[in-house]
Amino acid sequence: MLKARVFCPAAGAFLPFFFGLAFARSVTILDPLSPFGLEVRRLFLIVLILAALIVVVVYGVLGWSVYRYRTQQEDFRLEHEASSLKGNERLEVIWTALPLLMVLFLFGVTVESLVNRVLPAGGYRVEVEARQYFWNFAYPEGFRTSNELVIPVGRRVDVVGTAADVLHAFWAPNLGPDVDLIPGQSTRTFLEAHRPGRYLGECNQLCGPGHARMLFRVVALPEAEYARFVRAAQAFKPAAATPLAQRGEILFRQSCAACHRVEGVSQGTVGPDLTLFGLRTTLGAGFLPNTRANLEAWIQNAPALKPGVRMPPFPNLTPQDLEALAAFLEGLKPRGLDFSTLPER
Ligand code: CUA
């Protein structure tokens, strides 16, 4: 009985620690992929060391007193009982002042980090617009992408944005802090990637039935490759290369142009901008791999794949129509660029 009474609270105290270890394998702040992540890790380690010191001191004193004042002969007990009841002014001052100093210290390092390392604005600025349930990105060089944001490695990118309908939030957990995107207001966050790759991002505010499938990717390219991407995106003119794609373009103008924009082809704004669709590695705002089969299934019946999506089903498109549309869409990319080989992070 006694054993159980001691063991259970002890096990309970350590459970969060073991759960923490289990989760650390999938989501960890100890292996940062951005300067912001490094900053978070630095502050986390400072707090961890302080907390560990407190644990050592508190449990040390506790263990010592449990041992020192364990059941003794009656006269020993009486002798020590009196002194243990007396107040101690010096101790009171110490255990008030020490925690206060620690909190002030943590406040200090956090403010220092914010002012010197986190808040200063970069120079490169991309605009984001969130809608139920996708993302539009506008680059300073004048072109746009949807659902996949392309950035240069090693350069800080400010992301300034708003929402077109309801509250959303832009969050790429590996690359920077999240920010609410609010209708009628402009808010800002930033990203910076250490290594090339495709990074997962998500909407971080419950925004409707499609919220769970409102993801995005940040594609981080080495600086030289990014410059090549920018030049190619600026100069890009869609041109259907095959008879199949040409038929797809005709179908696109009939069925899709009212909602989607493709530079030089259509001007719709209800759905994502598809000008550089062929570069996309994902579909439906980042939740499906961009494969031919997924693309045809998405065009034919998007609501079956994503609840709340505003794109209607197209039950009248034949398999040949779907093939033609997919061929046209897959061709919407500058030659020589391919993001699908980048590592997923
Ligand atoms: Cu947009 Cu949740």
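**Stop 1: helices α6 and α9**

In this predicted model, select helix α6 (residues 243-255) together with helix α9 (residues 319-330). On the α6 side, the residues in contact are Leu-244, Ala-245, Arg-247, Gly-248, Glu-249, Leu-251 and Phe-252. They meet Gln-320, Asp-321, Glu-323, Ala-324, Leu-325, Ala-327, Phe-328 and Leu-329 of α9. Coloured by residue class, this contact divides into 9 nonpolar, 2 polar and 4 charged residues. The two axes are 7 Å apart and the helices pack at an angle of about 100 degrees. Because angles of 65 to 115 degrees count as roughly perpendicular, α6 and α9 are described as roughly perpendicular to each other.

**Stop 2: helices α7 and α9**

The crossing is right-handed. To show the contact, select Arg-292, Leu-295, Glu-296, Ile-299 and Gln-300 in α7, then Leu-322, Glu-323, Leu-325, Ala-326, Ala-327, Leu-329 and Glu-330 in α9. These residues comprise 7 nonpolar, 1 polar and 4 charged.

**Stop 3: Ala-326**

Within helix α9, centre the view on Ala-326. Is this residue buried or exposed? Ala-326 has a relative accessible area of 0% and is buried, since the term applies under 20%. Leaving aside residues up to four places away in sequence, Ala-326 touches Arg-292, Leu-295 and Glu-296.

**Stop 4: Phe-277**

Next, select Phe-277, which is placed in the loop between β12 (266-267) and β13 (282-283). Phe-277 has a relative accessible area of 4% and is buried. Which residues does Phe-277 touch, not counting those up to four places away in sequence? They are Leu-283, Asn-290, Leu-295, Leu-329, Glu-330 and Leu-332. Of these, Leu-295 belongs to the α7 side of the contact at Stop 2, and Leu-329 and Glu-330 to the α9 side. A C-alpha to C-alpha line from Phe-277 to Leu-329 spans 6.3 Å, across 52 residues of sequence.

**Stop 5**

Most residues other than glycine have a negative phi, and most peptide bonds are trans. This stop and the next concern backbone geometry. Ala-285, in the loop between β13 and β14 (288-289), has a positive phi, near 65 degrees. With a relative accessibility of 1%, Ala-285 counts as buried.

Move to Asn-147, in the loop between β3 (144-146) and β4 (148-152). Asn-147 is not a glycine, yet its phi is positive, at about 65 degrees. Asn-147 likewise counts as buried, at 1% relative accessibility.

**Stop 6**

Select Gln-132 and Tyr-133 and display the backbone atoms. The peptide bond from Gln-132 to Tyr-133 is cis, and its omega is near -5 degrees. Tyr-133 is located in the loop between β1 (124-131) and β2 (134-138).

**Stop 7: helices α2 and α4**

Turn to helix α2 (residues 35-68) and helix α4 (89-118). How does the span of α2 compare with what its 34 residues should give? At 1.5 Å a residue, α2 should span 50 Å, and its end C-alpha atoms are 49 Å apart, which agrees.

The axes of α2 and α4 lie 11 Å apart, and the helices pack at an angle of about 170 degrees. That angle makes α2 roughly antiparallel to α4. In α2, select Phe-36, Glu-39, Arg-42, Leu-43, Ile-46, Val-47, Leu-50 and Ile-54; they meet Met-102, Phe-105, Leu-106, Val-109, Thr-110, Glu-112, Ser-113, Arg-117 and Val-118 of α4. By class, the contact has 11 nonpolar, 2 polar and 4 charged residues. Gly-37, Glu-39, Leu-43 and Leu-50 of α2 are buried, and the buried residues of α2 pack against α4.

**Stop 8: the whole chain**

The protein has 9 helices and 14 strands. Of its 345 residues, 37% are buried. Among contacts with a separation of 6 or more, 63% are between residues 24 or more positions apart.

Methods. Residues numbered from 1 in each chain as written. Predicted model: local features only at pLDDT ≥ 70, side-chain atom pairs only at ≥ 80, totals over all residues. Heavy atoms only, no water. Axes fitted to C-alpha atoms, helices over the stretch in contact; angles between N-to-C directions. Helix = DSSP H or I, 4+ residues; strand = E, 2+ residues; numbered from the N terminus. Left-handed = near helix turned anticlockwise from the far one by under 90°. Contact = heavy atoms within 4.5 Å. Nonpolar A, V, L, I, M, F, W, Y, C, P; charged D, E, K, R; others polar. Expected span 1.5 Å × (residues − 1). Buried < 20%, exposed > 50% of the residue type's maximum accessible area, 1.4 Å probe, protein only. Parallel < 35°, antiparallel > 145°, perpendicular 65-115°, else oblique.
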